Amino acid sequence: MNSVILAIESSCDETSAAVVVSGKILSNVIATQKVHEKFGGVVPELASRAHQKNIIPVVQQALNEAGVRKDRLSAIAFTQGPGLLGSLLVGVTFAKGFALARGIPLVSVHHMKAHILSHFINDPKPAFPFLCLTVSGGHTQIVVVRDYLDMEVIGETLDDAVGEAFDKAAKLLGLPYPGGPMIDKHAQKGNAESFTFPKTKVPGLNFSFSGIKTAFLYFLRNNKTANANFIEENFDDICASIQHILVQMLLDKLKLAAKQTGINEIAIAGGVSANSELQISLQQLATKKGWNLYIPKIEYCTDNAAMIAMAAHFKFIKQRLADMDTPALPRMKF
Ligand code: KG4
Ligand code: ZN
């Protein structure tokens, strides 16, 4: 039986819709909200308003690009959480209304699990069990993935996410939100050994990024006191140095997780997995350690509905459906 699923992603600042037919993605439309750039972070109320404005045209375009009519849909999927409540609500209520109107079932999806399942959109696909380092604006996790619907977090951040650390460092440097990609761009022209920062040590497989953020703040403040043009004169080197320490902190824990679990199928997912230094260093590490490494295509690293559609596909096969009582969950458990 062919399943035709429309999926909606609206957890943060991307309004996205995708269509998946029997596990194959036919469209993936993403409307990125530029409105947050000048605020240095996502403004929740502005995000909700932009989702409200974008959702119908984005869904329409996703259906058109896939060449799928509404009456062919088998189910509608949505991101249930985690994310911003107002943003999630736009997707959740749209999906419920759509499901009611068409008389089709709902599938609810966990945003972070969907990031991991983005690895099943294209070949090569990881074999079970694999480890996934999931690094986004809100999360930093190491997950053992035993099956499409069987995953366990074995390490996570105790405070800030690594994407948040990138964005906060960028903000201190005067860059617009989201700053991660801009730090990456400038870092490519800089020397990562110019400045050193202390690595925050946390036992086991957990992470902590709040200390490095504070260290970076004082580093900039102290150097600016000595030289008012310190940032401008050293911009690329500062970006390269802060990026380097953040990437090293991720790799240290991933190495430990691979050693402890004995798993050498290694994947990365989430917005920060687009980072070029992380990708290059991981490729080198994978060669050295004999890991099989999986990196999503760039459009599936950052938020998108194709990954929600893929996750929904696997739930739909098992008939794990949601009902009309299903709430949006900003702090949804893994
Ligand atoms: O997964 P994502 O799109 O949204 C969340 O679920 O949070 O991740 C967004 C995060 C932001 O913090 C952004 O700065 C970061 O991913 N990011 C990057 C890069 N591209 C996106 N960080 C570092 N280097 C990049 N190239
Ligand atoms: Zn995400």
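## Polar and charged links between the domains

Between domain 1 and domain 2, the count of salt bridges is 0. The model described here is a predicted one. Across the interface of these two domains, 2 residue pairs are in polar contact, with both pairs at pLDDT 80 or more.

## The side of domain 1 that faces domain 2

Two helices, α3 (111-117) and α10 (305-317), each contribute at least two residues to the side of domain 1 that touches domain 2. Of these, α3 provides the largest share of that side, with 5 residues.

Sorted by class, the side of domain 1 that touches domain 2 holds 8 nonpolar residues, 5 polar residues and 4 charged residues.

## Layout of the two domains

The domain assignment places residues 4-117 together with 301-317 in domain 1, and residues 124-296 in domain 2. Taken over C-alpha atoms, the centres of domain 1 and domain 2 are 27 Å apart.

## Extent of the interface

How many residues of each domain are in contact with the other? The contact involves 17 residues of domain 1 and 20 residues of domain 2.

The size of an interface is often expressed as the accessible area lost when the parts come together. For domain 1 and domain 2, the buried area is about 1500 Å², and carbon and sulfur atoms give 77% of it. Within domain 1, the residues that lose the most area to domain 2 are Met-112, Ile-116 and Cys-301. Together, these three residues account for 42% of what the domain 1 side buries.

Terms used:
Residues are numbered from 1 along each chain as its sequence is written. Chains are lettered from A and ligands numbered from 1 in the order in which they are written. This is a predicted model: local features need pLDDT of at least 70, side-chain atom pairs count only at pLDDT 80 or more; totals for chains, interfaces and linings use all residues. Side-chain values use heavy atoms; hydrogens and water are left out. Domain bounds come from an automatic or database domain assignment. Contact means heavy atoms within 4.5 Å. Buried area is the accessible area (1.4 Å probe) that two parts lose on being put together, summed over both. A salt bridge is a side-chain nitrogen of Lys or Arg within 4 Å of a carboxyl oxygen of Asp or Glu. A polar contact is a pair of N or O atoms within 3.5 Å; within protein, one must be able to donate a hydrogen and the other to accept it, and residues adjacent in sequence count only if both atoms are side-chain atoms. Helices (H or I, at least four residues) and strands (E, at least two) are DSSP runs, numbered from the N terminus. Ala, Val, Leu, Ile, Met, Phe, Trp, Tyr, Cys and Pro count as nonpolar, Asp, Glu, Lys and Arg as charged, and the others, Gly among them, as polar.
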